[in-house]
Amino acid sequence: MGIKHLCGYIQRRNVVKKYRLRDTKLVIDGKNLCHELMEKSYTGTKYGGNYDVFSEHVEMFFNLLRNCNVQPYVVMDGAHDSDDKKFICLLERCEKRISNTSNGRKKYFPILSHRCFTYTIKKLGIPIETCNYEADHEIASLANSWKCPILSNDNDFYIYDLPGGFIRLNDIKFNRHTKTEYSTYIDTSIYYTENIQESFGISAPVLPLLAVFLDNDYYKLDKAIIEQFVSKELNISHKQAKHKLKMPIDVMIEVLRSFADTSEGIDALTICLADITFLSNEEKCQIIDNANIILKQFTLQNITETENSSLFNSEAKIEVTPAIPFPSWLTQSIRNCDISPFIINVLDKRVLLKPNLEDLTQEFLYEMTSPIRQIIYKMATGKQLQEVIVEHHRENCHMVQTRIFPMTSNLKLGKIPSLNMMQGIEEEERLSFLARTFQFPLENLVMIPKVSRMFILALNYLAKNSGLKESTKGLKFCCLVTCFC
């Protein structure tokens with residue numbers, strides 16, 4: 001969620017505890033760790049990225065945990081939340097990424113970093129799973145059940161009531177551990193809810209209200225509403241409230257000290273909104289609904305191990321739900337990090353195609369692959385032939401959106417099967433459909449080892465559709481070499 005000003009404030013309050021990381025389970029925010037390790041190993045993005053160097057850093061980090069008898073469980077974010085509560089923020093990040101690249105100001109991560117990260121972890125035998133949507137709540141729920149620490153840089157975890165504590169990635173020395181006669185450990189720091197609440201002077205149940213009244217990636221209260229709220233709760237003039245809000249987190253903590261729990265805070269906000277004339281009743285109800293949605297995310301007391309059974313439980317079956325009506329083989333593949341969760345966004349009729357930033361003057365790579373995505377959209381939407389998918393993608397130096405229909409007919413492809421039909425189709429027929437989709441001779445495809453087929457198909461498709469006609473000789477050699485690997 002990203003609560004503005006919170007991390008800096010907590011750092012200034014110095015509520016950290018010294019901690020020796022060893023002999024414990026550890027729930028890891030995979031997206032955060034991936035970015036942190038890429039930052040540490042960064043060697044540029046020439047030719048798409050030095051993934052071998054990055055993979056070595058990932059492996060070194062998990063070997064460090066293993067030496068300290070730490071059992072890591074990595075949880076990855078899935079699709080963008082279906083209620084679009086963070087989608088605008090994600091688009092803004094893409095715009096900023098493009099702007100930074102065009103101005104040459106900042107380094108950026110190669111687009112396949114997350115794929116390399118998950119592949120390396122799976123190769124090491126480390127438990128890793130992907131959630132359907134954003135992972136924060138599931139990470140906190142799992143750590144709450146196991147009473148173990150969380151490793152992340154996301155400041156949301158200061159707010160959760162976590163018995164095992166929260167370790168910031170920034171406080172980990174990635175290449176250093178201490179070895180004694182009795183044990184091996186990593187010297188770091190940890191944050192416990194009780195220490196934060198003691199420092200703030202407010203109770204743990206009230207902490208989530210900070211996410212409501214401070215700017216975050218989901219919802220932002222209008223400044224005029226916050227000023228009115230502070231003025232009313234502290235019994236000061238509107239001008240004084242405006243002046244105090246130059247230090248927003250300080251004044252909000254001062255206000256929240258008077259509340260016993262979140263319900264008191266919501267009641268106070270409701271009373272405040274009743275006196276505001278520039279909002280309609282519908283807008284006021286929406287503000288309260290948004291606040292309750294945020295607060296619900298931080299509610300963990302009713303979470304049990306049974307409810308967490310789908311994460312890192314080989315015996316649990318992933319059920320097909322109305323929200324994600326994909327066959328179990330596909331949802332399990334997404335959970336196992338074998339297939340990208342982007343396909344889930346097709347159900348919400350909008351897809352974000354993150355820009356791969358090499359040369360902004362060149363055609364966006366996704367342009368040439370739109371026919372393949374149309375086929376994927378048709379397979380995902382099934383019989384909903386008229387459903388339009390909105391794609392957000394880069395065009396030159398800006399993010400734009402394009403409306404695209406799932407492919408409904410193609411004489412060369414024949415009938416396009418739905419995802420639910422795929423498991424019942426013979427392997428030979430599936431292979432034939434794959435060859436037709438990528439415009440590749442079937443007789444050549446069957447000769448290529450399974451592990452190399454998608455690589456060869458993608459390489460061939462790129463060569464054919466990007467005008468790289470001279471690359472076909474090299475492609476034939478590459479195919480030959482791959483066949484013997």
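**Salt bridges in the model**

Modeller: Glu 59 and Lys 123 form a salt bridge, with 4.0 Å between the closest N and O atoms; the term stands for a side-chain nitrogen of Lys or Arg within 4 Å of a carboxyl oxygen of Asp or Glu. This pair links distant parts of the chain, as Glu 59 sits in helix α3 (residues 51-67) and Lys 123 in helix α5 (residues 113-124), 64 residues apart. Helices (H or I, at least four residues) and strands (E, at least two) are DSSP runs, numbered from the N terminus. Please keep in mind that this is a predicted model, where local features need pLDDT of at least 70 and side-chain atom pairs count only at pLDDT 80 or more, while totals for chains, interfaces and linings use all residues. Residues are numbered from 1 along each chain as its sequence is written, and side-chain values use heavy atoms, leaving out hydrogens and water.

Glu 59 counts as partly exposed because its relative accessibility is 29%; buried means under 20% relative accessible area, exposed over 50%, and partly exposed in between (1.4 Å probe, protein chains only).

Next, Arg 335 and Glu 129 meet through their side chains in a salt bridge of 3.4 Å, N to O. Arg 335 belongs to helix α14 (residues 328-335) and Glu 129 to strand β4 (residues 128-130), so this pair ties together parts 206 residues apart in sequence. Arg 335 is buried at 6%, and Glu 129 is buried at 11%.

Asp 171 and Arg 168 form another salt bridge, their closest N and O atoms 3.6 Å apart. Asp 171 is buried at 16%, as is Arg 168 at 9%. A search of the whole structure finds nine salt bridges.
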